[in-house]
Amino acid sequence: MSEEKRPNNFIEDIIEDDIQNGLSTDHLRFRFPPEPNGFLHIGHASAICLNFGLGEKFNRPVNLRFDDTNPAKEEAKYVDAIQEDVKWLGYEWDNLCFASDYFQELYDWAVQMIKDGKAYVDSQSSEEMAAQKGTPTEPGVDGPYRNRSLEENLALFEGMKNGEYGEGEHILRAKINMQSNNMLMRDPIMYRVVNRDHHRTGSDWKIYPMYDWTHGESDYLEQISHSFCTLEFKPHRELYDWFLDQVVVEDKIRPKQREFARRNVSHTVTSKRKLQKLVEAGIVNGWDDPRMTTISGLRRRGYTANAIKNFAASIGIGKRDNLVDMNHLEFHLRDDLNKNADRVMCVLDPVKLVITNYPEDKVEILQAENSQEDESRGFREVPFSRELYIEREDYREEANKKFFRLKNGKEVRLKNGYIIKGEGCKKDENGVITEIHATYDPDSKSGSGTEASMRRVKGTLHWVSAAHAIPVEVRLYDRLFTVPSPDTDKEKDFMEFINPDSLNIITAMAEPAMKNLEIGETVQFQRMGYFCVDPDTTDDKMVFNRTVTLRDTWAKLDV
């Protein structure tokens with residue numbers, strides 16, 4: 001039975017309509033154009049999946065282009081991080097491009113626009129410009145420098161390029177329409193002086209092009225057929241097209257800008273400025289902190305590329321911004337990890353369990369399956385002995401019938417091991433249980449085929465042998481914010497909604513086989529959730545990040 005075809009989204013419909021109207025598929029080319037001024041986040045992941053997904057659907061190339069026109073904020077480390085993120089998601093770009101590759105062409109075009117009377121150098125202050133530009137309900141007025149002579153404009157613009165002027169002394173503006181209903185068309189800025197070295201061009205340039213001037217022209221130079229961006233750029237489309245009008249020739253492909261809606265995820269912020277604030281304030285430990293919804297943070301936490309891509313596909317491409325519940329992202333993560341993560345045993349809150357009738361000097365090696373979902377993943381060896389660790393919450397001296405774990409006089413099974421019965425416990429002077437006593441049925445070993453091994457008991461506990469246990473650091477990460485939309489409250493700063501319990505660090509006891517795990521590998525701690533080996537791991541200490549719990553623990557809280 002063939003797989004049911006997924007219906008097109010409206011972006012795919014736009015492309016197919018263009019093909020129907022005569023655009024050759026050979027001329028299709030897409031791009032993902034991040035600005036290298038920070039790390040990419042989950043919202044960027046959706047845009048990556050959209051653009052590279054279009055490349056896969058239509059079997060056409062996709063460029064990775066860095067819109068690097070602001071040396072005050074952009075750095076090479078962000079370029080490297082973004083490339084790593086795109087590769088990790090499983091995509092390959094055709095051409096690696098930079099807007100800075102086109103600085104000379106953009107400058108030459110700007111000079112020609114001055115000669116054509118479509119650009120001029122303005123020497124007003126920013127306050128004077130703002131007043132002269134008007135408001136959304138009031139038209140702007142022509143500034144005092146709008147009709148400068150051709151010679152003066154060319155001389156001033158060349159002086160700006162040569163570093164003869166400071167920041168803010170002069171700017172280059174397009175000469176469009178100061179009475180336009182679209183304020184972006186009221187003589188927008190094309191160039192400004194920035195006295196900073198650029199991460200690629202060094203000190204070669206003293207002027208840098210603005211985004212609106214750069215973006216469409218870069219698309220044109222790369223012969224991008226379709227330029228997709230988020231909804232906030234819809235008012236920019238008119239300017240995008242106007243700038244293209246100044247340079248497009250008939251035998252070249254003219255890029256088309258179209259917009260799609262952002263998909264924000266609950267209990268997060270995705271503004272780079274706000275993410276930067278979290279880093280600078282020490283709320284998180286860098287851009288790749290596992291509580292951050294940066295792609296690098298999600299990767300370090302143990303998210304998989306498949307989970308993120310499946311999430312992006314499931315939420316689709318829309319025309320209205322909306323807030324997607326974090327549960328939806330976590331659903332796809334659990335679904336992927338359930339199929340692909342090995343199971344291991346690790347006790348997060350250990351208390352000693354002594355099997356009083358088990359020989360003191362005996363150690364058995366039990367066989368434990370690596371995955372209940374996939375038998376081909378095989379088995380591992382787990383040592384079993386008289387003294388074990390179990391979870392503190394898995395024992396009560398007395399409990400009602402709904403408590404299916406260990407209690408006095410009742411039986412449970414130890415995973416891959418024996419059936420045991422609770423017999424009592426020891427406590428310290430504060431009444432805290434320090435040691436649990438139980439007896440085992442020697443004939444009840446899992447997989448032995450005996451009648452006793454097939455006896456049904458309602459509870460199964462994970463455990464580790466106390467003599468063989470490995471102490472590991474476990475970082476229990478939770479959502480960074482206590483409310484679904486922390487940055488939309490007009491009365492409060494988003495920092496007021498920081499979850500004080502977003503990280504809890506404990507020492508747990510792990511089975512010895514976990515020593516073989518690699519950094520970045522994600523496994524399921526049976527009954528406890530999915531955990532990933534953190535890069536902070538050393539030969540002397542293993543560190544695990546909680547990737548996600550086995551079940552959603554926030555559903556009732558968000559009601």
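The model is predicted: local features need pLDDT of at least 70, side-chain atom pairs count only at pLDDT 80 or more, and totals for chains, interfaces and linings use all residues. Residues are numbered from 1 along each chain as its sequence is written, and side-chain values use heavy atoms, with hydrogens and water left out. Helices (H or I, at least four residues) and strands (E, at least two) are DSSP runs, numbered from the N terminus.

**Helices H4 and H6**

- Helix H4 spans residues 103-115 and helix H6 spans residues 150-161. They pack at an angle of about 160 degrees, with axes 9 Å apart.
- Axes are lines fitted to C-alpha atoms, for helices over the stretch in contact, and angles run from 0 to 180 degrees between N-to-C directions.
- H4 and H6 are therefore roughly antiparallel to each other. Angles under 35 degrees count as roughly parallel, over 145 as roughly antiparallel, 65 to 115 as roughly perpendicular and the rest as oblique.
- H4 brings Tyr-107, Ala-110, Val-111, Ile-114 and Lys-115 to the contact. H6 brings Leu-150, Asn-153, Leu-154, Phe-157, Glu-158 and Lys-161. Contact means heavy atoms within 4.5 Å.
- By class, this contact of H4 with H6 has seven nonpolar, one polar and three charged residues. Ala, Val, Leu, Ile, Met, Phe, Trp, Tyr, Cys and Pro count as nonpolar, Asp, Glu, Lys and Arg as charged, and the others, Gly among them, as polar.

**The seven-stranded sheet**

- Seven strands form an open sheet with mixed pairing, in the order E12-E27-E28-E29-E25-E26-E13. Two strands pair if DSSP finds at least two bridges between them.
- The edges are strand E12 (343-344) and E13, each pairing on one side only.
- Helix H12 (residues 326-340) packs on the sheet. H12 touches E12, strand E27 (522-525), E28 and E29, and its direction makes about 120 degrees with that of E29.
- Strand E28 (residues 529-533) and strand E29 (residues 543-548) run antiparallel, joined by four bridges. Phe-531 stands opposite Arg-546 in E29.

- Cys-346 sits in strand E13 (residues 346-347). At 0% relative accessibility, Cys-346 counts as buried. Buried means under 20% relative accessible area, exposed over 50%, and partly exposed in between (1.4 Å probe, protein chains only).
- Leaving aside neighbours within four places in sequence, the contacts of Cys-346 include Glu-391, His-462, Val-472, Met-514 and Phe-525.
- Cys-346 and Gln-524 are 178 residues apart in sequence. From C-alpha to C-alpha, Cys-346 and Gln-524 are 9.2 Å apart in space.

**Strand E8**

- Strand E8 (residues 226-230) is mostly covered, with five of its five residues buried.
- His-226, Phe-228 and Thr-230 point one way from E8, while Ser-227 and Cys-229 point the other way.
- In a regular strand the side chains alternate between the two faces of the sheet.
- E8 pairs with strand E9 (residues 256-260) in the parallel sense over five bridges. Ser-227 stands opposite Gln-257 in E9.

**Two positive phi values**

- Most residues other than glycine have a negative phi.
- Asn-59 has a positive phi, near 55 degrees. Asn-59 lies in the loop between helix H2 (42-58) and strand E2 (62-66), and is exposed, with a relative accessible area of 67%.
- Asn-416 also has a positive phi, near 65 degrees. Asn-416 lies in the loop between strand E20 (411-414) and strand E21 (419-427), and counts as buried at 12% relative accessibility.
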